[in-house]
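Please keep the sequence and the coordinates at hand while reading.

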Amino acid sequence: MKTAADVQAYLMKMELPSEEPRENTWMVGGLDGLDNLVITLAGPVLVFRVKVMDIPAHQREELFRTLLELNATEMMHGAYGIEGESVVIMDALQLENLDYNEFAATVDDITLAVASHHGRLAKFREAA
């Protein structure tokens, strides 16, 4: 089973600057267009979370439909979700058989999703 030391080693191997504001939680920077990726070691899983945007007051139904469509067609790792009044991308990987390639693919896919979906989601930010 992987440990916090393994996660730290993966972050170093990817050359990603990170802070550990509390034990087993890393705030990751150095990603294109993404400065709020949080990785948390939670029991037998490693949880990835990034806030994408606030939920606007208007066009909510259209936004939610767009997020569901993106989940179904373009999300390889993780999924869009709602946390409070925020849109987030979340993913979880099992620690039991976690390896560097799986870790890196998850980080890369989340980063790619934020960058490539920016255009489709920008119209909802403006409506907020």
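Which residue takes a positive phi just after α1? That residue is E15, whose phi is about 60 degrees. The model is predicted, and the points below should be read with that in mind.

**Overall architecture**

- The secondary structure of the protein chain consists of three helices and six strands, and along the sequence these elements follow the pattern α-β-β-β-β-α-β-β-α.
- With a radius of gyration of 15 Å, close to the 14 Å that the globule rule gives for 128 residues, the protein chain is as compact as a globular protein of that length.
- The C-alpha trace spans about 45 × 25 × 25 Å along its principal axes.
- Of the 128 residues in the protein chain, 38% are buried, while the accessible surface comes to about 7,100 Å², with 51% of that area belonging to carbon and sulfur atoms.
- Among contacts with a separation of 6 or more, 58% are made by residues 24 or more positions apart.

- Strand β1 (residues 18-22) pairs with strand β2 (residues 25-28) in the antiparallel sense, and the pairing extends over three bridges.
- The two strands β1 and β2 form a hairpin with two residues between them, and in this turn N24 has a positive phi of about 70 degrees.
- On its other pairing, β2 runs antiparallel to strand β3 (residues 37-42), here over four bridges.

**Salt bridges**

- The count of salt bridges in the model comes to seven, and the pairs described here are among them.
- K51 and D54 meet through their side chains in a salt bridge, with N and O 2.7 Å apart; K51 is partly exposed at 31% relative accessibility, and D54 is likewise partly exposed, with a relative accessible area of 45%.
- A salt bridge also joins E69 to R65, where the closest N and O atoms are 3.1 Å apart.
- Because E69 and R65 are four residues apart in helix α2 (residues 60-73), about one helical turn separates them.
- Within this pair, E69 is partly exposed at 31% relative accessibility, whereas R65 is exposed with a relative accessible area of 58%.
- The side chains of R120 and E74 form a further salt bridge, with an N to O distance of 3.7 Å.
- This pair links distant parts of the chain, for R120 lies in helix α3 (residues 100-127) and E74 in the loop between α2 and β5 (79-83), the two being 46 residues apart.
- Both partners count as partly exposed, R120 at 37% relative accessibility and E74 at 39%.
- Through salt bridges that share partners, R65, E69, E74 and R120 are joined into one network.

- When neighbours within four places in sequence are left aside, N71 is in contact with A79 and Y80.
- G81 stands 10 residues from N71 along the chain, and the C-alpha atoms of N71 and G81 are separated by 9.2 Å.

Methods:
Residues numbered from 1 in each chain as written. Predicted model: local features only at pLDDT ≥ 70, side-chain atom pairs only at ≥ 80, totals over all residues. Heavy atoms only, no water. Salt bridge = Lys/Arg side-chain N within 4 Å of Asp/Glu carboxyl O. Buried < 20%, exposed > 50% of the residue type's maximum accessible area, 1.4 Å probe, protein only. Pairing = 2+ DSSP bridges. Rg over C-alpha atoms; globule rule 2.2 N^0.38 Å. Contact = heavy atoms within 4.5 Å. Areas by Shrake-Rupley, 256 points an atom, 1.4 Å probe, with all protein chains shown as cover.
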